[in-house]
Structures are given as C-alpha cells and as structure tokens.
Amino acid sequence: MVRDYCRISLIGAVFTILSYLPGQYLLLVGKGKDITTMMVIMIATDVVFDFLFMYVLPWGVSGAAAASVLSMLISCVYGFSFLREKDGIFAFRREYLRFY
C-alpha cells in the first residue's frame with residue numbers, strides 16, 4: 001500500500017512543484033484572493049475525488065494518492081491561467097518556449 005501511494009505521489013510531484021510558479025506570481029502581483037481560490041479549488045477537489053476514488057470506486061490508498069495528484073493538477077491548471085493574462089507583468093505564452 002505504501003509503495004503504491006509513493007509511486008503515484010512521485011508521478012504527481014511534477015504538478016506540486018509546478019503549482020509554486022503561479023502561486024508566487026500571484027503573490028508578486030498582489031492577488032492574494034486568487035491564491036486562496038487556487039488552494040480552495042485544490043482542497044475541495046481533493047475531498048471530492050477522495051470520496052469518489054476511495055468509497056465509490058474501491059481503490060483504497062492508491063485512490064487517495066490519485067485524488068491528491070488530480071486535485072493538484074486542477075489547481076495547477078487554474079493557477080497557470082493567470083500566467084496567460086495579457087495585462088499581467090509576466091506573459092506566459094507557448095511561442096516563448098524553446099526547446100533546443
């Protein structure tokens with residue numbers, strides 16, 4: 001059980017790390033309410049997915065890990081939507097990314 005939880009959590013660690021970028025950006029531009037909204041979305045979806053994956057679908061501990069990863073992904077996507085604002089001080093666009 002522990003091995004399954006750790007494996008799923010390590011896969012989702014990317015989203016945990018990526019969620020700090022929009023959080024720090026929102027802190028920089030003074031949008032504390034949006035950081036709170038991002039965290040509330042993460043917690044609420046985690047509770048819903050925990051119930052769904054652990055009780056409706058009998059996934060057990062693996063379901064709890066999957067719920068945490070999925071809720072972090074949703075929160076991360078919501079946070080990255082602020083980086084796409086045209087009037088923001090930091091414009092995050094696909095065309096700015098270069099892979100050499």
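Reader: Is R7 buried, partly exposed or exposed, and at what relative accessibility?

Author: The scale comes first: buried means under 20% relative accessible area, exposed over 50%, and partly exposed in between, with a 1.4 Å probe and protein chains only. R7 has 46% relative accessibility and counts as partly exposed. This is a predicted model, in which local features need pLDDT of at least 70 and side-chain atom pairs count only at pLDDT 80 or more, while totals for chains, interfaces and linings use all residues. Residues are numbered from 1 along each chain as its sequence is written, and side-chain values use heavy atoms, with hydrogens and water left out.

Reader: Which residue forms a salt bridge with R7?

Author: Side chains of opposite charge can pair when their charged atoms come close. The term salt bridge requires a side-chain nitrogen of Lys or Arg within 4 Å of a carboxyl oxygen of Asp or Glu. Here the partner of R7 is D4, with 3.4 Å between the closest N and O atoms. D4 is partly exposed, at a relative accessible area of 32%. A search of the whole structure finds one salt bridge.

Reader: Where do D4 and R7 sit in helix α1, relative to each other?

Author: Helices (H or I, at least four residues) are DSSP runs, numbered from the N terminus. D4 and R7 are three residues apart in α1, so about one helical turn separates them.

Reader: Where does α1 bend?

Author: A bend at a residue is the angle between two fitted axes, one for the seven residues ending there and one for the seven starting there. In α1 the bend is at G12 and comes to about 40°.

Reader: How many aromatic pairs are there?

Author: A pair of aromatic rings is described by the distance of the centres and the angle of the planes. Rings of Phe, Tyr and Trp (its six-membered ring) pair if their centres lie within 6.5 Å; planes under 30 degrees apart count as stacked, over 60 as edge-to-face and the rest as tilted. By this rule the count is three. One of them is F51 with Y55, a tilted pair with 5.7 Å centre to centre and 40° between the planes. Both residues lie in helix α3, four residues apart, about one turn of the helix, and both are exposed.

Reader: What kind of pair do F53 and W59 form?

Author: F53 and W59 are stacked, at 4.7 Å centre to centre and 25° between the planes. F53 is buried at 10% relative accessibility, whereas W59 is partly exposed at 45%. Together with F49, they form one aromatic cluster.

Note on methods
Helices (H or I, at least four residues) and strands (E, at least two) are DSSP runs, numbered from the N terminus.
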